[in-house]
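Here is a short briefing on one protein chain. Please keep the sequence and the 3D view open while reading.

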Amino acid sequence: MQAIVLEANEKLNLIEFPKPIAKAGEAIIKIQAASLNHRDQWSRIGLYPNLKYPSILGSDGCGIVESVGSEADKNWINESIIINPNIHWGDNPKFQSFNYTILGMPTHGTLAEYVCVPVDRLHKKPIHLSIEEASALPLAALTAFRAVFTKGETSKDKNVLITGIGGGVAQFALQFALAVGAKVFITSGDDEKLEKGLKLGAFFGVNYKNEGWEKQLQRQCPLGFDVIIDGAGGDGFGKLAKMVGQGANFVVYGGTSGSPSPINLPRLFFSQANIKGTTMGSDEEFSQMISFINEYKIKPMISSVRPLKDAISAFDEMHEGKQFGKLVITI
Ligand SMILES: NC(=O)c1ccc[n+]([C@@H]2O[C@H](COP(=O)([O-])OP(=O)(O)OC[C@H]3O[C@@H](n4cnc5c(N)ncnc54)[C@H](OP(=O)(O)O)[C@@H]3O)[C@@H](O)[C@H]2O)c1
């Protein structure tokens with residue numbers, strides 16, 4: 001089969017790879033569409049932990065169940081499905097087990113004609129979504145769901161700040177927070193992306209590349225934000241930590257911009273705020289996220305769709321950060 005394989009550091013190629021065979025409890029999925037996450041690009045350039053070569057990248061996918069390894073699972077055959085990319089989250093909803101991994105490194109992922117996954121990773125495709133939209137859902141929407149609700153405790157009328165609205169996780173966070181009636185503020189390094197975020201329903205947006213961006217936000221929400229969702233870290237981190245409201249949840253899911261700048265401790269402790277790290281979400285949260293998407297008929301933002309033969313150009317686009325929405329690969 002054809003697959004996008006990371007053969008060594010920065011050696012990412014479309015090559016012929018053996019088609020997987022399902023063991024008991026597993027299923028072979030014929031992938032129809034897959035979508036990229038930043039971890040795919042981090043893996044490509046050697047900036048992801050536990051890299052293993054060769055590996056087929058891709059954590060997100062939508063497809064048809066072609067075959068199963070156990071007779072008991074044959075009702076899944078021909079179902080249109082999406083895949084929960086969690087592997088071994090474990091029993092504790094608060095955090096993942098020590099042998100937790102994510103589909104698409106070190107286990108072979110979805111950027112291929114076929115993928116083999118345990119049957120308990122399969123979920124029926126939401127019927128209001130196209131194949132391309134459904135493929136954009138799993139990893140980013142799960143991360144956003146836990147960040148916004150479990151960790152952020154976002155609800156109606158809360159003031160929520162989401163940074164880097166061009167990002168895949170950030171866009172789901174925006175849609176989820178709006179769906180429950182929160183007042184959402186956004187940042188981006190691109191005015192056009194801010195415009196798009198405002199059109200989606202954000203209340204106010206500011207370009208983090210402009211001098212004094214933090215003061216503009218503070219003027220809009222002088223008592224501070226109830227929830228801050230950040231995947232960037234870097235220089236902005238200390239500025240964000242100064243914008244926490246009383247009892248705020250400042251939720252961190254990534255560090256795209258590197259190590260954080262210093263934070264103002266008195267502001268943090270006098271406001272009784274919480275800084276919370278979050279990663280992915282439990283299997284139960286994955287099911288809750290799908291139910292939420294179905295209930296509110298949420299559709300992922302798609303930036304572009306291209307065939308597998310052009311998939312590597314999507315990695316380059318992600319590196320440049322020009323996209324607004326998910327980069328989808330059809331197979
Ligand atoms: N912990 C987890 O489970 C988890 C899950 C998914 C992702 N992540 C991590 O979270 C980060 C985002 O992932 P993604 O897949 O959503 O990536 P993505 O779609 O590539 O988005 C990255 C976004 O970061 C934003 N950004 C860059 N510099 C920024 C800055 N100085 N301040 C604020 N935002 C900035 C950009 O937003 P603009 O274009 O609007 O400027 C960009 O679109 C990555 O580091 C990824 O590894 C973690």
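Glu-79 and Lys-124 form a salt bridge, with 3.8 Å between their closest N and O atoms. The pair ties together distant parts of the chain, 45 residues apart. The model is a predicted one. The points below cover charge pairs, strands and domains.

**Salt bridges**
- Glu-79 sits in the loop between strand 5 and strand 6. Its partner Lys-124 belongs to strand 10, residues 122-124.
- The 3.8 Å gap counts as a salt bridge because the cut-off for the nitrogen and the carboxyl oxygen is 4 Å.
- Side chains of opposite charge can pair when their charged atoms come close.
- Searching the whole structure gives 13 salt bridges.

- Strand 5 covers residues 60-68 and strand 3 covers residues 26-35. They pair antiparallel, over eight bridges.
- Within this pairing, Gly-61 of strand 5 has Ala-34 opposite.
- Strand 5 also pairs with strand 6, residues 80-83. This pairing is antiparallel too and has three bridges.
- Here Cys-62 has Ile-82 of strand 6 as its bridge partner.
- Backbone hydrogen bonds are what pair the strands of a sheet, in either a parallel or an antiparallel sense.

**The open sheet 2-1-4**
- Another group to find is an open sheet of three strands, in the order 2-1-4, with antiparallel pairing.
- Strand 2 (11-16) and strand 4 (55-56) are its edges, and each pairs on one side only.
- Strand 1, residues 2-8, meets strand 4 in antiparallel fashion through two bridges.
- Ile-56 in strand 4 lies opposite Val-5.
- In a regular strand, side chains alternate between the two faces of the sheet.

- At the interface, 13 residues of domain 2 are in contact with 16 residues of domain 1.
- About 1,100 Å² is buried between the domains, and 60% of that is on carbon and sulfur atoms.
- The side of domain 1 that touches domain 2 has nine nonpolar, four polar and three charged residues.
- How many salt bridges cross the interface of domain 1 and domain 2? The rule finds zero.
- Polar contacts do link the two domains: five residue pairs are counted, both residues at pLDDT 80 or more.

How values were computed:
Residues numbered from 1 in each chain as written. Predicted model: local features only at pLDDT ≥ 70, side-chain atom pairs only at ≥ 80, totals over all residues. Heavy atoms only, no water. Contact = heavy atoms within 4.5 Å. Buried area = accessible area lost by both parts, 1.4 Å probe. Salt bridge = Lys/Arg side-chain N within 4 Å of Asp/Glu carboxyl O. Polar contact = N/O pair within 3.5 Å; in protein donor to acceptor, adjacent residues only side chain to side chain. Nonpolar A, V, L, I, M, F, W, Y, C, P; charged D, E, K, R; others polar. Pairing = 2+ DSSP bridges. Helix = DSSP H or I, 4+ residues; strand = E, 2+ residues; numbered from the N terminus.
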